[in-house]
Amino acid sequence: PPAKEAPPPKLFKLSLPEDMGLLSERSVMALPAEAWALKATGGRLPSSLASSARPMLTELLGDLEETVELVHDHDWSTFPEIGEEVMAATKEETSICLAICAEVGIWAVGIAGKQKVRETAARLALAAALAADLDPGDFGEFAEKWPELAVVCSAVGAHPAGYGPSRGSKVKAPAAVAKHWPKPAAPQAAPPKTPPKSPAPLPAKAQHSARMLPRDRPIWIELPEEAERPPQLRGLPDEALVLAADASGVKKYSKAQYSMLKLLPILGVEDDDSLAAVEFADDSDWKTFPAIGEQLSRLAPEPECLCVATCPAIGVWAVGVSNRAKIRREAAKAALCASMALAAEEAGLDLSVLEELTGVAQLADAARRARAAG
C-alpha cells in the first residue's frame, strides 16, 4: 500500500539570550532573540508542503532567497542555547538546522533527524516567520496560495492582527485555512454593569495609519543649517530622501543592494570599494538623529523608528522609516538608490542601467516629482 502522508509539522517560538553570539555575528544587523522553529512530526513533512518551501521563500524574499544560509547543528555543540530551548519545547533531542537571511535580519530553525528534511523544515520556518510579518491583506494572499503553511501558522498565532476566519476580521481567512482555525475559548460570564464610559478608541492600527508617514511614497526633508549633525551626516547635504515602508517592503525592495552595486561604479566608486562605501545607522528612538526625527514629526505625528543610509563618497544620504528593523533598512537602501540615480542624472552620467533596474527608475521618478512639487 502507498505510504501514509506525513502529519503536519509543529511550529513554535524560541526565546534565546540576547547576548548569544549568533545574534550579532551572523548578520549585518542584530538578529532578534526570538525565532520561529518548525519540527517535522515523526521526522517527516507532508510532500506538498516540503516541495513548496523554496517557492515560498522566493515569493517572500525575491532575489534574497539565494542569500539564505543554512547552518546545521546535529548534536547541539554549535548552538547549545538553541538545543536547550528545543528540548524544553519538544522533550526530544533532535538535530537542528538554522536558516538565516542576514540581509533582512531574520532567522528560523528546522528540527528533524534527517539532514534533507531539517533543511526543508528550516526553510518552512523562515517562510512562516516572514509571512507572520506581512500585512493582513498580504498574508491573506499568501494563505490563498500556500494554505498548508498558513494553517500551521494560524494554529499558533503566527499571523498578523486583523486576519482570521470571522466576519469581523479585516481580512478573512480562506476556507481551506478557516476550517482548521483554533476554536475560540468559551465565553466568560458578563461582568457587572458599570456606568457608561466614553466610546472605545479606534483599533491601534486604524489610529496609527492616519498618523504615520504614507507608505512607499518618497518624501524630501531638509535639515536646518543650525541643526547639530552627528558624525554620520557631517559633510553631507542638508536634503535627503525619506521612504517609509510596511511589511511588504522586504520583498518590494529586495533588489536594492543589487541596484546599489550597479549604480556605485557609474558614480565613480570602484567595484572593490562599493560595499564599504555605504554605511547604515539604525535609530529606533531618535537619539542619534534628533534633527531628522524633528523633521519627520512635522510630517506625521506618530513617531517611528528610522534607519539612515549614507554614501559620503558621492555625497548622498537617505532615510528608511518603519518600526521593524529589517523593513526600515531595506527602505533606506531603496531611497539611497533613488538618490544615487538622481545624482547621476544631475551629473549627466549614463543611466542606461536603469532599464534593468525598473524599481529604482520608478522610485527616482517619483522622488523627482516630489522634489519639484516642493
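Trainee: Which residues of helix α13 (residues 290–299) are the buried ones?

Mentor: In this predicted model, they are Ala 291, Ile 292, Gly 293, Gln 295 and Leu 296.

Trainee: And what do the buried residues of α13 pack against?

Mentor: Their partners are the strands β8, β9, β11 (306–311) and β12 (316–321).

Trainee: Let's turn to a loop residue. Where is Leu 236 placed?

Mentor: Leu 236 belongs to the loop between β8 (219–222) and β9 (239–244).

Trainee: How do you know whether Leu 236 is buried or exposed?

Mentor: Its relative accessible area is 8%, and buried means under 20%, so Leu 236 is buried.

Trainee: What is Leu 236 in contact with, leaving aside neighbours within four places in sequence?

Mentor: Arg 229, Thr 310, Cys 311, Pro 312, Gly 315, Val 316 and Trp 317. These count as contacts because heavy atoms come within 4.5 Å. As for Pro 312, its C-alpha atom is 6.8 Å from that of Leu 236, although 76 residues separate the two along the chain.

Trainee: How many aromatic pairs does a search of the whole structure find?

Mentor: It finds 1. The partners are Phe 139 and Phe 142, and the pair is tilted.

Trainee: What makes that pair of Phe 139 and Phe 142 tilted?

Mentor: First, the ring centres are 6.1 Å apart, and a pair needs centres within 6.5 Å. Next, the planes are 40 degrees apart. Stacked would need under 30 degrees and edge-to-face over 60, so the rest, tilted, is the label that applies.

Trainee: Why are Phe 139 and Phe 142 separated by about one helical turn?

Mentor: They are 3 residues apart in helix α6 (residues 136–145), hence that spacing. An α-helix has 3.6 residues a turn, so residues three or four places apart point the same way.

Trainee: Are Phe 139 and Phe 142 buried or exposed?

Mentor: Phe 139 has 0% relative accessibility and Phe 142 has 5%. With the cut-off for buried at under 20%, Phe 139 qualifies, and so does Phe 142.

Trainee: What makes you say that the charged end of Arg 329 sits over the ring of Phe 280?

Mentor: The distance to the ring centre is 4.0 Å, where the limit is within 6 Å, together with an angle within 35 degrees of the ring normal. Arg 371 likewise lies over the face of Trp 220, 4.1 Å from the ring centre.

Trainee: Finally, how many disulfides does a search of the whole structure find?

Mentor: The count is 0. As for individual cysteines, Cys 305 is buried at 12% relative accessible area, and Cys 311 is buried at 0%.

Definitions and conventions: Residues numbered from 1 in each chain as written. Predicted model: local features only at pLDDT ≥ 70, side-chain atom pairs only at ≥ 80, totals over all residues. Heavy atoms only, no water. Helix = DSSP H or I, 4+ residues; strand = E, 2+ residues; numbered from the N terminus. Buried < 20%, exposed > 50% of the residue type's maximum accessible area, 1.4 Å probe, protein only. Phe/Tyr/Trp six-rings, centres within 6.5 Å; stacked < 30°, edge-to-face > 60°. Disulfide = S-S within 2.5 Å.
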